[in-house]
Amino acid sequence: MNVGITGACGMLGTHVRAYFHGLDDLEVHAADRQTFASDGLADFVDGCDAVLHLAGMNRGEDNVVARTNLDLTRQLIAALEERGSAAHVLFSSSTHIERHSAYGTSKREAAALLSDWAGRSGGRFTNVILPGVFGEGGKPFYNSVVSTFCHQLASGETPTPHNDAPIEQIHAQEVARHFETLLREGTVGDVWVQGEDMTVYGLLHILTEMRDLYAQHIIPDLRKDIRRDLFNTYRSYLYPGHYPVALTLHTDPRGSLFEAVKSPNGGQSFMSTTHPGITRGNHYHTRKVERFLVTGGEAEIKLRHLFGGEVQTFRVSGEQPSYVDIPTLHTHNITNVGGGTLTTLFWTHELFDAAQPDTVAEPVERA
């Protein structure tokens, strides 16, 4: 199946692309702002079996938000009509359609335009109505209150919310899984996606607790998916400057000792030995919390965002045990750059499941 994604460089688009990238039977095509600006949409939709229309504007002056969201939808429809497409279009709408705001109104009107197109073209249309969406890479003060709080806490600031309003939140990877199901089942019509109910103060309490524990080298309780997703989002704002994190080495005449992982989650630990010049890894995760901790020898840990070009390199040594907690959506590897054997402790917050490994092969350094 050929799937096109508009808004592919936005927060939700990035997560959906990353998730779909790991599915062998989907060919993903990305459209960004330049695609719209350069009249490249017709070529983009050509041959697409489905289009996920995620492009849009969340915040700004009311008239600009409304005009932008409707213009983007009209451009997509014009491209579909130019190529005579009868694709399955899935639109990321919002629970704000129940409100009398410029954003909510533009989402309602855009969905109506797409529904009309499907009716006259023979295409299919799914109106995916989402609660607040958050995730790694979100822009603070724009995408989500979660992004704002995580950014502030990671920067040493104290968030000051104005009220304890009820909110409903869902992680972008969970949305990606919903999109896959809707695509494969061919679902049409309005689909309301449920998130996690919480309050603004309750969210801030969870994130503050996570920050305080992580500062003590303790992985917080991640046994609920929403807590795992919130923690992954928080620590994404610490990368890369926070790492590697040196651990306290307790030394006496008997030898040395350090605490490698402290967590109520259990999880799974792996130990490896690696010969000089050998590299392990070259894969990424969408949900997994993974720690790299060199206990002996010399290594370089390299990371690159799945859709980025910059490679981040951390030099670590068993002489001063330091951990790097791998951010999601970043392909990563570790190379023995010393003259002897490299020993490494790997820890993940969940047991390895061969049916759902959340480990997708991807080279860090492109040829």
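## About the model

This is a predicted model, in which local features need pLDDT of at least 70, side-chain atom pairs count only at pLDDT 80 or more, and totals for chains, interfaces and linings use all residues. Residues are numbered from 1 along each chain as its sequence is written, and side-chain values use heavy atoms, with hydrogens and water left out.

## Helix 6, an enclosed helix

Let's start with helix 6 (residues 145-154), where seven of the ten residues are buried, so the helix is largely enclosed by the rest of the structure. Helices here are DSSP runs of H or I with at least four residues, strands are runs of E with at least two, and both are numbered from the N terminus. Buried means under 20% relative accessible area, with a 1.4 Å probe and protein chains only. The buried residues are Val146, Ser147, Thr148, Phe149, Cys150, Gln152 and Leu153. Their cover includes strand 6 (132-134), strand 7 (166-171), helix 8 (200-215) and helix 9.

Now look at the two ends. At the N-terminal end, Ser144 caps helix 6, with a side-chain oxygen 2.9 Å from the backbone nitrogen of Val146. After helix 6 comes Gly156, which has a positive phi near 80°.

Five strands make an open, antiparallel sheet in the order 17-16-19-14-21. Strands count as paired if DSSP finds at least two bridges between them. Strand 17 (311-317) and strand 21 (360-361) are the edges, each pairing on one side only. Strand 16 (residues 298-305) runs antiparallel to strand 17, and seven bridges join them. You can find one of these where Glu300 has Arg315 in strand 17 as its bridge partner.

## A cavity and a pocket

On a 1 Å grid over the protein atoms alone, a cavity is a set of points where a 1.4 Å probe fits but cannot get out, while a pocket is an open set with protein on both sides within 12 Å along at least five of seven lines; lining residues have an atom within 4 Å of a point. The structure holds one cavity of 30 Å³ or more. It is lined by Glu136, His171, Gln173, Arg177, Arg228, Asp229, Asn232, Thr286 and Arg287. Helix 9 gives the most to this lining, with three residues.

The second largest pocket has 17 lining residues, and Tyr19, Thr286, Arg287, Gln356 and Asp358 lie nearest its centre. Helix 1 (11-21) and helix 9 (225-236) are the elements that give two or more residues to that lining.

Definitions and conventions
Points joined across faces, edges and corners; volume = space filled by probe spheres on them. Buried < 20%, exposed > 50% of the residue type's maximum accessible area, 1.4 Å probe, protein only. Contact = heavy atoms within 4.5 Å. Polar contact = N/O pair within 3.5 Å; in protein donor to acceptor, adjacent residues only side chain to side chain.
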